[in-house]
Amino acid sequence: MIRVAVTEQRHHEAGGTTAELYDPSTGTFSVTGSPNVGRVQHTATLLPSGEVPIAGGAEGTAYTASAELYNPATGTFTLTGRIHTSRGEHAATLMNTGEVLIAGGLTYIGPGYQILTSAEVYNPSAGKFTVTGSMSQFRESQVATLLTSGEVLEASGYPTITAELYNPSTGKFRFTASLNVERDQGAAIVLLPDGVVLVTGGNLLRDGKPYFTNRAELYH
């Protein structure tokens, strides 16, 4: 599995009920096995094993709690444990423990949508999701990344400029410095070699209109 994911550097993308593999050495896509559930606004996270858990997202007009695991060795998707709260537009981050932190996002609780503070952790060995501490601020479409300290930074997202750190040892979030610019859909985040985090772009809605930003900032 690691040979496919790392040596050949293939990336896995899933959407709808079809999936394809991109091979950068040839610049081509090839069809692989199909997901069991058609979904959008989900997350996909590459594990050290080379497998890829696909979690949550919108299935039709509702958010789903289903999750599945893509195996590059067989080219197949297998349903795995369900998340405790149906959600989409959330963040998923691989931690040093080999587990995946799922945080925030959007769900539908009649008669309307609700932005979440809840978080859970996926254990690939057990194939299960476990509820962990909640964020102090509800947020969706935020950016998130693993820091060199082993903590996970959850930054901005709709409707806030605040940021929080998740400590996997305690299972708790705590506020850290806020961003200078509110960002949600389309923002990008990357951990630089020196341990500093770069956050760029993004857009937000004001009075039903999208506003895009070209501003970037660093988190130390």
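Analyst: Pro168 sits in the loop between strand E18 (163-167) and strand E19 (172-176). Strands here are DSSP runs of at least two residues, labelled E, and helices are H or I runs of at least four, with numbering from the N terminus. The model is predicted, so local features need pLDDT of at least 70, side-chain atom pairs count only at pLDDT 80 or more, and totals for chains, interfaces and linings use all residues. Residues are numbered from 1 along each chain as its sequence is written, and side-chain values use heavy atoms, with hydrogens and water left out.

Pro168 counts as partly exposed because its relative accessibility is 31%. The cut-offs are under 20% relative accessible area for buried, over 50% for exposed, and partly exposed in between, with a 1.4 Å probe and protein chains only. Setting aside neighbours within four places in sequence, Pro168 is in contact with Met95, Gly150 and Glu151. Contact means heavy atoms within 4.5 Å. Asn96 is 72 residues from Pro168 in sequence. In space, the C-alpha atoms of Pro168 and Asn96 are 9.0 Å apart.

E16 and E17 run antiparallel and are joined by four bridges. Strands pair if DSSP finds at least two bridges between them. Within this pair, Thr145 stands opposite Leu153 in E17.

Ser156 has a positive phi of about 55°, although it is not a glycine. With a relative accessible area of 1%, Ser156 is buried. Pro159 is also placed in the loop between strand E17 (152-155) and E18. The peptide bond from Tyr158 to Pro159 is cis, with omega near 5°.

Pro159 also touches Gln137. Gln137 is in the loop between strand E15 (128-132) and strand E16 (143-146). Its relative accessibility is 17%, so Gln137 counts as buried. Apart from residues up to four places away in sequence, Gln137 touches Thr117, Pro159, Thr160, Thr162, Glu164 and Phe175.

Elsewhere, strand E12 (residues 106-109) pairs with strand E13 (residues 112-115). The pairing is antiparallel, over four bridges. A hairpin through two residues joins E12 to E13. Leu106 stands opposite Ile115 in E13.

Four strands form it, in the order E4-E5-E8-E9, with antiparallel pairing. Strand E4 (43-44) and strand E9 (76-80) stand at the edges with a single partner strand each, so one side of each has no neighbour in the sheet. Strand E8 (residues 67-71) pairs with E9 in the antiparallel sense, over five bridges. Leu69 stands opposite Thr78 in E9. Gln41 is in the loop between strand E3 (28-31) and E4. Gln41 is not a glycine, yet has a positive phi of about 60°. At 34% relative accessibility, Gln41 counts as partly exposed.

Now the whole protein. One helix and 24 strands make up its secondary structure elements. The radius of gyration is 17 Å, which agrees with the value near 17 Å for a compact globule of 220 residues. That radius is taken over C-alpha atoms, and the globule rule is 2.2 Å times the number of residues to the power 0.38. The C-alpha trace spans about 45 × 45 × 35 Å along its principal axes. Of the 220 residues, 47% are buried. Among contacts with a separation of 6 or more, 40% come from residues 24 or more positions apart.

The protein exposes about 10,900 Å², and carbon and sulfur atoms supply 53% of that area. Accessible areas come from the Shrake-Rupley method with a 1.4 Å probe; for residues, only the protein chains shown count as cover. There are 13 positive and 19 negative side chains, and the centres of the two sets lie 4 Å apart. Lys and Arg count as positive, Asp and Glu as negative, while His and the chain ends are not counted. Each charge is placed at NZ of Lys, CZ of Arg, CG of Asp or CD of Glu.
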